[in-house]
Amino acid sequence: MMKSHFEHVEDIAYHVDKHIIDINDKKDKREYIGGSALGSPCIRQIQYRYMQTPPDTTRAFSARTLRIFDMGHIVEEIMAGYLTKAGFDIKTHDKKGEQFGFSVAEGKIKGHIDGVVCSGPVAMPYPFLWENKSANNKKFNEFVRKGVEKANPAYAGQIAVYQAYMDLTENPALFTVYNKDTSDIYYEFVPFNKILAQRMSDNGVEIIQATDANELLPRVAANSDFYSCKFCEYHNTCWNEKN
């Protein structure tokens, strides 16, 4: 006997999730270090990604995680729309419809920015970099209390790298966070941190050189139960290595 509609709910969910994962698996793998990844606390994690090392079987991105990534892109478009409608001239894509970005180290380090604010209704110096994130209420409030540098050093590193490589160091970058739970928006101007940008750039060079020499860079911690290690997609791969 054919199942009723009510008995097919899980089947529908299965096919949707499977499609999301299949589409992601078919995407071209990055053959470069993403500028947004340079701020990761573990340089070996970045190296694994650069080497296109497959994630642990049990830690591959789930359909739910991929949907979270998609939502981040959607929120970015929404925020760009809000800024534009408010009178700010924000450039997000070139004439070919591609995101503005940079490519250095013979294409081995690349990044794509959210946008550049070129002018607007507020009397202040332009242009400046714009980077947007979305967060749940708990993380959003952490940004409000601490600012991006303390709440998420990886994001701070990303901003510094983008400012440096896009030659947008004269004016502070605008960092916005959209609260996915409440729709509140956090705004912060982030001055260019030259030292941080240099450290992120040095990380990229170190990863490229170590990979070319078939060497693995050090782990971020001495034990596998370290906080960031527990959430790494290479947890088992990394800690099964001899060093």
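**Strands, helices and a pocket**

Tutor: Strands of a sheet pair through backbone hydrogen bonds, either parallel or antiparallel. In this predicted model, β3 and strand β4 (residues 109-112) run antiparallel and are joined by four bridges.

Student: Which residue of β4 is the bridge partner of F102?

Tutor: The partner of F102 is G111. The open sheet has three strands in the order β1-β4-β3, with mixed pairing. Its edge strands, β1 (33-34) and β3 (101-104), each pair on one side only.

Student: At what angle do the axes of α6 and α7 cross?

Tutor: Angles of 65 to 115 degrees count as roughly perpendicular. The axes of α6 and helix α7 (residues 194-212) cross at roughly 90° and come within 8 Å, which means that α6 is roughly perpendicular to α7. On the α6 side the contact is made by A156, G157, A160, V161, A164 and Y165, and on the α7 side by L196, A197, M200 and S201. By class, eight residues of this contact are nonpolar, two are polar and none is charged.

Student: How much space lies in the second largest pocket, and which residues are closest to its centre?

Tutor: The second largest pocket holds about 150 Å³ of space. Its lining has 14 residues, of which E149, A156, V190, P191 and N193 are the closest to the centre.

Student: Which element supplies the largest share of that lining?

Tutor: The largest share, four residues, comes from α6. At least two residues each are supplied by α5 (148-151), α6 (153-165) and β8 (185-190). The lining comprises seven nonpolar, three polar and four charged residues.

Key: Residues are numbered from 1 along each chain as its sequence is written. This is a predicted model: local features need pLDDT of at least 70, side-chain atom pairs count only at pLDDT 80 or more; totals for chains, interfaces and linings use all residues. Side-chain values use heavy atoms; hydrogens and water are left out. On a 1 Å grid over the protein atoms alone, a cavity is a set of points where a 1.4 Å probe fits but cannot get out, and a pocket is an open set with protein on both sides within 12 Å along at least five of seven lines; lining residues have an atom within 4 Å of a point. Grid points are joined across faces, edges and corners, and a volume is the space filled by probe spheres set on the points. Ala, Val, Leu, Ile, Met, Phe, Trp, Tyr, Cys and Pro count as nonpolar, Asp, Glu, Lys and Arg as charged, and the others, Gly among them, as polar. Axes are lines fitted to C-alpha atoms, for helices over the stretch in contact, and angles run from 0 to 180 degrees between N-to-C directions. Angles under 35 degrees count as roughly parallel, over 145 as roughly antiparallel, 65 to 115 as roughly perpendicular and the rest as oblique. Contact means heavy atoms within 4.5 Å. Two strands pair if DSSP finds at least two bridges between them.
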